[in-house]
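Here is a friendly walk through one protein model. Please take a look at the sequence and the structure before reading on.

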Amino acid sequence: MTTPGSRFRVRSADVGRLLVLWGISAAALWATGALLPGLSASTPWAYVLVAAVSGVIGLVIRPVLVEVSARIGWAAVLPVAVVGQAIVMQAAISLVPAIDADFWTALAASWIASALATLLAWFATAGTDDALDAALLGRLRQAAEVPDPDLPGVVFVQLDGVPFPVLRWAIQSGAVPTLRRWLTSGDYAMREWTAQFPCTTPASQLGILHGTVDGVPAFRWYDREAGRVLVANRPEDARVIEARTSDGHGLLWDDGASISNLFSGDAPRSFLTMSRVEVRRGSTETRRVAAWFLVSPGGFARSFSRALAEIVRERWQARRQLRRALDPRMHRSWTFAVLRAVTNGLLRDLNTALVAEEMRRGSRSVYVDYVDYDEVAHHAGMFRPESLAALDALDQVLGSLERLAEHAPRRYRIVVLSDHGQSQGRPFADRYGEDLATVCQRLMRRTVQSVDAPVEGWGRAEAIAGDVGATAPLAGRLVERFDRRAAREYDEGRDAGGDEPVVLGSGNLGLLYLPGPRRRSLEELSAGWPSLVPGLAAHPGVGFVAGLSQDGVPWAIGADGRVDLRTGRVEGVDPLAVFGEHAHRVLTRAVCMDEAPDLYVNSTLDPHTTDVAAFEDLVGAHGGLGGHQDSAVLVVPRDLVDLLPERIEGADAVHRVLVLILERLGHRRPQDASEERPAPLDLSSRADGPRGKRRV
């Protein structure tokens, strides 16, 4: 482990990197002078001198700009990022007599020079993240000593939605060199674990971070007591879900940090975390890190240029799919292109900066969610080139975190996992000409409300606006304006009520609710709508439906038979046979959940292509059974492999493994009844009752 004193030594690599950056900045300024007639120098060496002086001035001015941005809020970050570099440039030009420019020329020069420097640095480093690493390493070397440096820290890195078979193939092909090196060297081991039903981020993160998957029947569902739809990545709803579950002793309660998650794991510090966004609107600490990154040399230009590049890349890839007539595919809108630019550009860098900041302060544990692969695979497909490119970018992030950990005030172990996998196929409505709600409406002969608009990307973008947003009036109005835009994507059907049935899509999993305070049995559904259950089961796009009988027996029903999930007794043909041996277990658990719908509807599975049919407008989907969506990844250091059971099924089982890792590393004692635990965060004054049964 690097000792605290060694972090402050000047190394030859640091000097070399500084000289390279100085040369790149000088070359960019020289090129800018050729482009801007208002920027003139009597000698080319003036550009070299300005590059050096601006670097020194920036060391003094930028910390002030960062603190101002952190205090005022997100509304100040972008103006400071735009104007701050111009102030530094103008000051440097004023101090060098051989060069001249007014403020507006300096503003334009700062933008052009930063963009050119970013481009030159990209070519100089073969497109790696060396420049960002260098900036983050500089902050890490300023870290104070921690009281327990011999206690190892842990960084849990969630690669959202990455299926085990996809990652295994990428490792075998050499497409993810960092993970390949970890595994082939024997330092790490990779295991497959089976996600619960539903295999969605809310259920998995609740299980991983809080130790239970109870109470989450899908990504969104109709809450019978509240009389509306809960959407897990909506801040107000995430708060309710965590309040029902948290006992104050989640995975991160002992000096941990939650970054870009749905739930906090009871971490003392949470950044871009949905369940905490509304607790305190805007985090000064988050804004400070964001402002530091954006006002650093090339920081704003880097993020902005990467965001623009991501939009261009997405539009080109979408058109390429059309030209090649790839199947399955879907319409990829400009809205998705912008959201992809946010999640795969700004959010990725911001997450890494926040993790580095937590390493700098010596946090014992960090859990961060990188959503890049999941976001792209939803719209492109899990094996498509753009999805695999996102996976390669995440592998580069792992390499960055590995390098950053070498300079932290404590030794950090890195654990990599995914929360679920991914399946793909043509959307149900595209394949059969009508959506699930229309099918139910036809079979029930009554109006059925539909809630199936994809909203995952909006949730991630809203977390940035919410947590980085401030209490200043202008910033507050800007954040509220974004909230209203995001809310339009969420609120379709959230106030569903009355007597109309509600159908929700969650990947290839559909949920049918009859609004009211209680759940209907299969017998009641058959009595009220005789064609509903047999009609759905016989539909060519439906693999099975599942519900409870009036005596509490869970059944899965297909076109040619049904199975008693409690005993395994089959009448006719088992509709779950094609979905794997674990299907009976995970489905039983979900159907018996109090929050389960009156009827689960799972799409069909093509045994030849493993295609499913999402009830949302998505090519890549997860939520139900079929394909690789319930095949998730766990990568741990080799010396911790003995803590893994032979079979890991369900995110709550992953939670127990991760707690064992923390215990092995000395973070906490094995839990016992006498251990004093912190009080759970009071997220809802209306939450009461036993764990998992609290009311909204």
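The report below moves from the whole chain to its sheets, and then to a few helices.

## About the model

This is a predicted model, in which local features need pLDDT of at least 70 and side-chain atom pairs count only at pLDDT 80 or more, while totals for chains, interfaces and linings use all residues. Residues are numbered from 1 along each chain as its sequence is written, and side-chain values use heavy atoms, with hydrogens and water left out.

## The chain as a whole

The protein chain holds 23 helices and 21 strands. Helices (H or I, at least four residues) and strands (E, at least two) are DSSP runs, numbered from the N terminus. Of the chain's 696 residues, 61% count as buried; buried means under 20% relative accessible area, exposed over 50%, and partly exposed in between, with a 1.4 Å probe and protein chains only.

The accessible surface comes to about 26900 Å², and 56% of that surface belongs to carbon and sulfur atoms. Such areas come from the Shrake-Rupley method with a 1.4 Å probe, and for residues only the protein chains shown count as cover. Among contacts with a separation of 6 or more, 74% are between residues 24 or more positions apart. A contact here means heavy atoms within 4.5 Å.

Two strands pair if DSSP finds at least two bridges between them. Strand E14 (residues 509-513) and strand E19 (residues 599-603) pair in the antiparallel sense over four bridges, and Gly510 has Val601 in E19 as its bridge partner.

## A closer look at strand E16

Which way do the side chains of E16 point? Pro554 and Ala556 point one way, Trp555 and Ile557 point the other way, and all are buried.

E16 pairs with E15 in the antiparallel sense over four bridges, with Ala556 as the bridge partner of Ala546. E15 and E16 form a hairpin with five residues between them, and Gly552 in the turn has a positive phi of about 85 degrees. E16 also pairs with E17 in the antiparallel sense, over three bridges. There, Arg562 in E17 is the bridge partner of Ile557, and three residues lie between E16 and E17 in the hairpin that they form.

## The seven-stranded sheet

Another open sheet has seven strands in the order E4-E21-E10-E3-E9-E7-E8, again with mixed pairing. Its edge strands are E4 and strand E8 (269-271), each of which pairs on one side only. Here the twist averages 15 degrees from one strand to the next.

Within this sheet, E3 and strand E9 (residues 365-370) run parallel and are joined by six bridges. Val154 has Ser365 in E9 as its bridge partner. Helix H6 (residues 164-173) lies across E4 and E21, running at about 155 degrees to E4.

## Helix H23 and its neighbours

Helix H23 (residues 651-664) has 14 residues and reaches 20 Å from its first C-alpha to its last, close to the 20 Å expected at 1.5 Å a residue. The expected span is 1.5 Å times one less than the number of residues. H23 is mostly covered, with eleven of its 14 residues buried; among them are Ala651, His655, Leu658 and Glu663.

What do the buried residues of H23 pack against? Their partners are strand E3 (153-159), strand E4 (188-194), helix H8 (201-210), strand E10 (412-417), helix H22 (583-591) and strand E21 (631-637). After H23 comes Gly666, whose phi is positive, near 95 degrees.

Definitions and conventions: Axes fitted to C-alpha atoms, helices over the stretch in contact; angles between N-to-C directions.
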